[in-house]
Structures are given as structure tokens and as C-alpha cells.
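Here are my notes on the model. Please read them with the structure open.

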Amino acid sequence: PRRSNPPPSSSPPLGAVGEESARVRVAVRLRPKNTHDLLSDADFFDCVHLQPELNKLILKKNNWTSDSYRFDQVFTQSASQNRVYEAVAKPVVEGVLDGYNGTIMAYGQTGTGKTYTLGKLGKDDASERGIMVRALEDIISAASPSSDTIQVSYLQIYMESVQDLLAPEKVNIPIVDDPKNGQVSVPGAAVVTIQNVDHFLHVLQVGEANRHAANTKMNTESSRSHAVLMVSFQRSVTNKEENNTCFEGKDDRNVLAGGHVIPTVRKSKLLIVDLAGSERLDKSGSEGHLVEETKFINLSLSSLGKCINALAENSPHIPTRDSKLTRLLRDSFGGSARTSLIVTVGPSSRHYTETASTIMFGQRAMKVVNFVKLKEE
Ligand code: ADP
């Protein structure tokens, strides 16, 4: 089936009317030049030019050839973390607070700013904080301690094995699809109930340290795995309140009984996904074990691409079963779930091919429209 969430039954889903709000939102972020770019030899030039007022990106192949692409937003080197959050992530976070699942993903070549955009802690300078911290800040400040629970799990997908970044001894954790309600869960993963922003910063730091340690042990780089922060938001409501909003996961829902006010729990889920580097086998110049790794990375990124294309083409079959990554995303991507994709690129023509392929991935995602009718198949 195309979508796994039960269709919301009360008010019409936000983002279900009008293409603008319904489809996957795709933004491009250009990384500032680093010393490598500045010192690289004269054969290379700036191949990415942005026109933010037109949301346009111009990709220059050489002095004679260039292509232009339109996105929902384009962010120049000087765009602040706050601007990127407000434009790209906030609508998804607001959806989660209203009861809709959501996904925010970053896709791009290693070194182009995926982790900076999503995972930056900004411990010394809050203006540097990335999307994960800002999302939790917003969710925590919207939550009521008496009725709401915020929980996080933090996972890594490496060579088609799901690992727990909060309990690093747990590897190969199964992903469970509930056939009754189509919800995806990872019941074996550690779940931490978040008390406040400092607590969340600590949890993220623990996860990052475990990721680093696990990757050192496996002799690999973080850029070769996907990191998935899973935030679950639960609100206790009464059936009276429930008529005013609609929530995705209604598994704990009680029925209206003779006008009595019955407490229920509504759940929604936010996934923030720092994808493995999009660079291809030839660039990584890999051998042996690295070839195997690269095959798995290519499998999950290409299966993500296939799902995006299938959604864009309105295909009745979305091939989410092909990889762990797409299985995990199944109930939080398409349908009434709000999805934002940030594609990150560097400025230099040294990486023209990677940059062009990253941009094409983003262009395909621009076509995904999550119409209401898709949910009812
Ligand atoms: P990736 O996760 O795609 O491999 P990183 O997020 O690690 O890339 O970014 C590579 C380097 O570039 C880091 O040192 C990061 O701090 C820096 N960087 C990336 N994007 C920005 C940005 N928009 N502003 C400032 N520094 C950035």
C-alpha cells in the first residue's frame, strides 16, 4: 500500500490541500568555501551560483554550459542556521505537534554540511545550533509536562544493520511494521524520555560519541552510515479535545462512550536523517570491505531515490522494502506526513559530477505530491 498511516478521521490533514504545502519540500544549502576550496588550483572555479530571490540554482559546467534549477528554497553560504530551520524544518515540527509524522533529511556529498545543518550542538554559541536541537527546543517549549511525553531513540544504519547509538552493544535491531495500523517501530532500541534541552544535548552527545566509537571499531567513517534521530511525541487528550485536531497513530484511541470524556494517547513521530555521503564508488577509490560498504550505501540511497520517484510518478507501489532506511521511513514519508529534504553542495567545480548528481536527486524529490487520495489506497 502506498501509505501506512491510517487516514486522519477528524479535520482534514494539514498540507493535504494545495501542492505547495503537500509535497516534499526541497531546499539547497551551499557550504561556505573552506581552505581547500580557496587554495585549490586555478583549473577549478565556482560552479554553483544561487539566486535566492528566485529560488534558483545555476550549475556551471564550464564557461559555455550551465543549467538552472528551481527549488523551494536556496540558501547561500551566509544563510544562518536559524533561517534554514525556520524555512525547512519548522513546518515539519509543527506538523508533528499537530499529530502528523514527519521527516527531515539531508543528502549530499561528504563534507558539504549535512551534519552541520542537522546535528550541530552549538554548545558555546546557540546561534550555531542545527535542526535537531532547534526541533527539540520547539517541541519541548510546546509540550505540557502534565500531558505530553517526548522520547528519543538514536540509530545508525550501517551495512543494512540497525545499531543503537544510545546502547551501542545493540546491533542488528529489527524494524517492526505493525500490519494493523501500518506503523513502523524499532522496539529493541533504547528510548530516552527528554526532560529539557540540556538533557537532549547530553543525549545527542552520548549518541555522537558512541557513533564515533562504533565506527572506529568497525574501521569506517561516520559518513558511510545513516544516522537517524527518532523523536516520538505523545499527548494525552480527551475525546473532546480530539475532535479539534487529528493525530497519526491512534492505536491507543478510545471510542466516544455516551458523551463521557475519555483520556486517550495520541502519538506522532519525527525522523531526522543524516544520510551517508552521496559520493559514488569511483570517487571513494575503494577496495575490499569498502566496496561492500559502498554497495550498501548505494543500495539504500538508490532505494530512497526509487521511493521518491515512485511517489513523484504516483505509482501504486512504493518500494520501501528494499532497504532498512526506506523501511524505517515508511510511515513518515509520503501520505499526510510532512517531509523536507535539504540537499547540501560545495561550491567548487572540483566536485562537479557529485554536485550535479546531488542536485538531480533534489529535483526528482521536488515532484512528490502527497495528495489526500494517496492515503486511502
Ligand atoms: P557532512 O556532514 O556533509 O560530511 P559537515 O557537516 O561535517 O559535512 O561539514 C564539513 C565542514 O564544513 C565542517 O567543518 C562544518 O563545520 C563546515 N560547514 C558545513 N556547512 C557549513 C556552513 N553552512 N557554515 C559554516 N561551516 C559549515
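Leaving aside neighbours within four places in sequence, which residues is Gln 109 in contact with?

1. Gln 109 is in contact with Gly 277, Ser 278, Glu 279, Gly 346, His 351, Glu 354 and Thr 358, once neighbours within four places in sequence are left aside. Contact means that the C-beta atoms, placed from the backbone, lie within 7 Å.

2. A caution on the source. This is a predicted model: local features need pLDDT of at least 70, side-chain atom pairs count only at pLDDT 80 or more, and totals for chains, interfaces and linings use all residues. Residues are numbered from 1 along each chain as its sequence is written.

3. Gln 109 sits in the loop between β6 (102–108) and α4; helices (H or I, at least four residues) and strands (E, at least two) are DSSP runs, numbered from the N terminus. Gln 109 is buried, with 24 other C-beta atoms within 10 Å. Buried means 20 or more other C-beta atoms within 10 Å of the residue's own, with C-beta atoms placed from the backbone.

4. Thr 112 also lies in the loop between β6 and α4. It is buried, with 26 other C-beta atoms within 10 Å. Not counting residues up to four places away in sequence, Thr 112 touches Arg 31, Thr 344, Val 345 and Gly 346.

5. Residues surrounding the ligand (C-beta atom, placed from the backbone, within 6 Å of it) include Arg 31, Thr 112, Lys 114 and Thr 344. Helix α4 (residues 114–119) gives the largest share of this shell, three residues.

6. The UniProt record (unreviewed entry) places a "binding site" at positions including Gln 109 and Thr 112. Such annotations may be inferred rather than shown by experiment.

Key. Buried ≥ 20, exposed ≤ 12 C-beta atoms within 10 Å, placed from the backbone. Contact = placed C-beta atoms within 7 Å.
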